[in-house]
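Subject: Structure for you to look at

Hello,

Here is the structure I promised to pass on. Please open it next to this message and follow along.

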Amino acid sequence: MTNSGSVAAVDLGATSGRVIVGHVDTDGVRMEHVARFPNGPVALHEGDREALHWDVVELYRQVTVGLGDAFARNPDIASIGIDSWAVDYGLLRGGRLLGLPSHYRDARHEGGVATVHERLSAAELYARNGLQHLPFNTLFQFAADPSLQLAQRALLVPDLLGYWLTGVEAAERTNASTTGVLNATTRGWDPALRAAARLPSGLLPTLRDPGDRLGPLLPAVAEAVGGTAPVTLVGSHDTASAVVAVPATDPDFAYISSGTWSLVGVELDAPVLSDAAREANCTNEGGVDGRVRFLKNVSGLWLLSESVRTWERGGERVDLEALLASAADVTAPVPVFDVADDTFTAPGDMPARIAAWCGAHGLAAPASRAETVRSILESLASAYASTLETIVAVTGRDVRQVHVVGGGSQNRLLCQLTADRTGLPVLAGPVEATALGNVLVQARAVGLGGLGGASLEALRSTIARSVEPVRYTPRADHSTHRSAPRRRMSV
């Protein structure tokens, strides 16, 4: 075990990717950003439609360029860890990629739900995988994928990149838990779920856990990046890594991992597979150290970013900070809409869709850009509050404070509205929670900063020493706009 050292975190999101070097010592963690690159869907013409894919080959190229920069600045990097968004995968045959991975927002997946439900009811599915119903869950994607029968192996995105770096095929368990093929109780691949999607024998790789060593860099990769270090498995589902970095000192906390999506939940020791949990559409996903992330996927800042993209298509640059300040000054009532409505899922003109939804539901549409932004943030905060109420009711957990981590923790208006609508104090930050969680799991695995063998709570204490969250207190004058907290959701 050493007192200090560095690891490289590859953190891939649905809109961008980063390579960050984490410097770890007994005083805490310091982050050094070495590369950032765009990521997003690529539309390709396929027969009679436009299909959305991920350009995962370009993503890999950017990762290796970023790792080259990381080694050039820090030759002593002791480990590399990769996290990304969930559910999407690449298919391999003879070790070769059969095609670009499909994007979870692609319409191809829609037929998979009916196919799976013909073989297993929604109740049977939930009893086995404990997952929130989302039409793009990997299980449904598998059932709709015509290339599946040609494949010998399926690897989720971070596992695919890990394979290209090391030559080792594996499925990291936290991300595997999002597929719908993992049994929530045994935490192994479920034969009945595999049969429901008619998965070919051997398609799913061996399961491995955060902290496991995947393998050394392939010689050609090491030469290309100018360094050698093993790849260490982390919570490769980005939310699993983000939850590691919640700087909680009170065990009665809820978290919101806020980015393109908002993941709203609590941390449990065992899954909740009750009818109430299923009817509430809550999900049981794997966390680091065998914890369960009991949560709901709620639409996130995708609504805002897609609105900004729409406004900028006319050639005008949008100053987001100024727009948020204008939204904070809005005093007129704005509509609160259902952020989970399917109409807001695909890319496109989000302001027009919001206006159309309001019209269809007898509400006055926002009259300006500032009102549109305020409407989006009020609607997100309302969804967070109702989701937390549901989670508290289903689990019986006390929730005394809410930690908001990720990019959304910088959105001051959203954090304040969340405090107002939940009636709970909100602690915002760290922004780089996913990368920090990635770094800390690696540091523990290779014994940096005195963290070898540390508990998850000890890792969080390290984060608490390294960052100071911003506190938002519920405003009394906004109490009439809050959802009423349930019995155990109290300060």
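How much space lies in the largest cavity? About 70 Å³.

Before the rest, two notes on how to read this. The model is predicted, so local features need pLDDT of at least 70 and side-chain atom pairs count only at pLDDT 80 or more, while totals for chains, interfaces and linings use all residues. Residues are numbered from 1 along each chain as its sequence is written, and side-chain values use heavy atoms, with hydrogens and water left out.

Cavities

A cavity is a set of points, on a 1 Å grid over the protein atoms alone, where a 1.4 Å probe fits but cannot get out; lining residues have an atom within 4 Å of a point. Volume is the space filled by probe spheres set on the points, which are joined across faces, edges and corners. Searching the whole structure gives three cavities of 30 Å³ or more.

The largest cavity has 13 lining residues, and Ala154, Leu155, Leu156, Trp189 and Leu204 lie nearest its centre. Strand β9 supplies the largest share of that lining, three residues. (Helices, H or I of at least four residues, and strands, E of at least two, are DSSP runs numbered from the N terminus.)

The second largest cavity holds about 60 Å³. Its lining includes Ile82, Pro158, Asp159 and Leu214. Here α5 gives the most, with three residues.

Cores

A nonpolar core is a set of buried Ala, Val, Leu, Ile, Met, Phe, Trp, Tyr and Cys residues joined through side-chain atoms within 4.5 Å. Buried means under 20% relative accessible area, exposed over 50%, and partly exposed in between (1.4 Å probe, protein chains only).

The largest nonpolar core has 53 residues; among those with the most contacts inside it are Phe294, Leu303 and Phe337. Helix α14 (residues 369-395) contributes the largest share of this core, 11 residues. Apart from this core lies another of 43 residues, including Trp85 and Val157.

Leu303 touches Phe337, Val339, Phe344, Met350, Ile376 and Leu380, leaving out residues up to four places away in sequence. Contact here means heavy atoms within 4.5 Å.

Helix α1

Helix α1 (residues 56-73) has 18 residues, which at 1.5 Å a residue should span 26 Å, and its end C-alpha atoms are 26 Å apart, which agrees. The expected span is 1.5 Å times one less than the number of residues. Among the buried residues of α1 are Val56, Leu59, Tyr60 and Val63.

Regards

Technical notes
On a 1 Å grid over the protein atoms alone, a cavity is a set of points where a 1.4 Å probe fits but cannot get out, and a pocket is an open set with protein on both sides within 12 Å along at least five of seven lines; lining residues have an atom within 4 Å of a point.
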